[in-house]
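Here are a few notes to read alongside the model. Have the sequence and the 3D view open, and go through the points in order.

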Amino acid sequence: MKALKKESLPFLYCLLAAAVCLMICSKSSFLYPINDWTDANAYLSCGRGMLAGRVMYRDLYEHKGPLLYALHALCCFVDHGGFLGVYLLEVLAGGVFLWFSYKLAILYGANRTSLWLAPLLGALIYASFSFQQGDSAEELCLPLLLASLYSLLRWLRTQAPERMSVTLLIWNGFLGGCVLWIKFTLLGFYAPWLLGLMVYHLIRHEGRAAWTVLWAFAVGALLATLPWIVYFGLNGAILPWLKTYLYDNLFLYSDSGIMTLRQRLGAAFHAGWDWLRLNPAYTVPMALGMLWLTLCPRAQKRPGQKPGLLPCVSAAEKAFVWAMLAFATTGVFVGGKSYVYYGLILAVFAPLGMAAVARALHARETRRRWLGALLAALALPLAGAYSLWQSPNVTALLEPRAQTMQYQFAALVNRTPHATLLNYGFMDAGFYTACDIAPSVKYFHQTNVPLEEMLSEQERYVAEGVTDYVVTRGRQPDSIGLHYTLIATAKPPADFWYDTVYLYRRNDIQP
């Protein structure tokens, strides 16, 4: 019981810290009228569609992983027409991430009073530019990757060269499988985790141990995959699943197919530089942590030394962390796309900076318990204040719903019982969410995948009057006058890349 309390209190504190930071930094928070980021709305629309009986990839076209949409379907049980469930999901993911950050600091010799650094780390990451509006695939994968990083480093510091337990290997394979079915481009992190561990044993002439690492990790990944094999198999959607998620992402979504090697390397460099330049709040601590890890003298563990008090860092730890950073960075930027939020996943290495700071403070520790409690209490409002100061999202904080384009249109659409809607010619901008409508057509919005069928099908939906309402921006389809009448226009926020949105109602529907 005492051990449980020892772990539960820091975890609850980390949950609270995540709730404070995300309440301000994420537009999924109840302090915002809506999260108007297109990606977040597409995930939630797909989740709502799954609850309505649609099968992903067969009935709804979106190109992220099925686990991401299933998580958002669960969020819809909390709030079917809003983002409260998503906010709670983000808080859970953020709390787990900060808790493992704290455990990592303890692993490297910090005192438990270093818990107060967790809210500050959260504020640095969640108030950053690459966080965007909240609810990215990268954000939700951060705790999964950090859990794997922590388990590997803990094994290296406290158990190696003894073999890692099969249970832990399976668990990390399961985490890797979850990342696979959220966004597979983030898997670069796991290549040196798995292969490096196998090489570690092969160097020691432990071939059986290397084989165990491979099959146990594969079993874990298979456990994360089996639910989707069953789900898509029962619904006759195996081919649409693999075609959309793997083929379309690999050969249609990326620009790399039309770029030379030199152009691709140049695009990757510029994307990485933009990420570094725009996110110094956590890239600087991350660089500090990597520098500390690299320069810390090498040493072997002395017999009988307590875990977490090892004064130096082994060569294996340095090699694993640098390899995971290199592979993760390559996976993020090598595709040719340069969205800055891609780099958020690399914040998984920022807790190393927290560990370095916590360890330095530990050397000056006064052993006064009240001081740790005071710092923990002060860190929460400090993190909140920093978030208010630095988050790019706070301009929309406490904005009334009635002022948003989504809820202006929802007031009209909701006059029609069980209305259907089409987001024509651009990405899901939150109209499905505001109207609490599950998509009824496969191509319910236009994604960044240059798929000819998507464009022609959206044209057909309009030409045949398939949905009750159509939302457009910019270019209007030529056939829209056949079945629809313009009933409203609205202005998006100033930072949007288009000026006006239009709402059309089918002519046979009474006002």
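1. Start with the charged pairs: the count comes to 14 salt bridges, where a salt bridge is a side-chain nitrogen of Lys or Arg within 4 Å of a carboxyl oxygen of Asp or Glu. Bear in mind that this is a predicted model, in which local features need pLDDT of at least 70, side-chain atom pairs count only at pLDDT 80 or more, and totals for chains, interfaces and linings use all residues. Residues are numbered from 1 along each chain as its sequence is written, and side-chain values use heavy atoms, with hydrogens and water left out.

2. One of these salt bridges pairs arginine 48 with aspartate 436, with 3.9 Å between the closest N and O atoms. The partners sit 388 residues apart and link distant parts of the chain: arginine 48 is in helix H2 (residues 38-51), while aspartate 436 lies in the loop between helix H17 (431-435) and helix H18 (452-463). Helices here are DSSP runs (H or I, at least four residues), numbered from the N terminus.

3. Are the two ends of that pair buried or exposed? Arginine 48 is buried, at 1% relative accessible area, whereas aspartate 436 is partly exposed at 39%. The cut-offs are under 20% for buried and over 50% for exposed, with partly exposed in between (1.4 Å probe, protein chains only).

4. Now look at helix H18. Glutamate 457 and arginine 460 form a salt bridge, with the closest N and O atoms 2.9 Å apart. They are 3 residues apart in helix H18, so about one helical turn separates them. In general, an α-helix has 3.6 residues a turn, so residues three or four places apart point the same way.

5. Arginine 460 also meets glutamate 464 in a salt bridge, at 3.0 Å from N to O. Shared partners join Glu457, Arg460 and Glu464 into one network. Arginine 460 is partly exposed at 33% relative accessible area, and glutamate 464 is partly exposed at 48%.

6. Finally, helix H8 (residues 190-203) has 14 residues and reaches 20 Å from its first C-alpha to its last, close to the expected 20 Å (1.5 Å times one less than its number of residues). Its buried residues include Trp193, Leu197 and His201. Among the elements covering the buried residues of H8 are helix H6 (137-158) and helix H13 (315-333). Just after H8, histidine 205 has a positive phi of about 60°.

Terms used
Helix = DSSP H or I, 4+ residues; strand = E, 2+ residues; numbered from the N terminus. Contact = heavy atoms within 4.5 Å.
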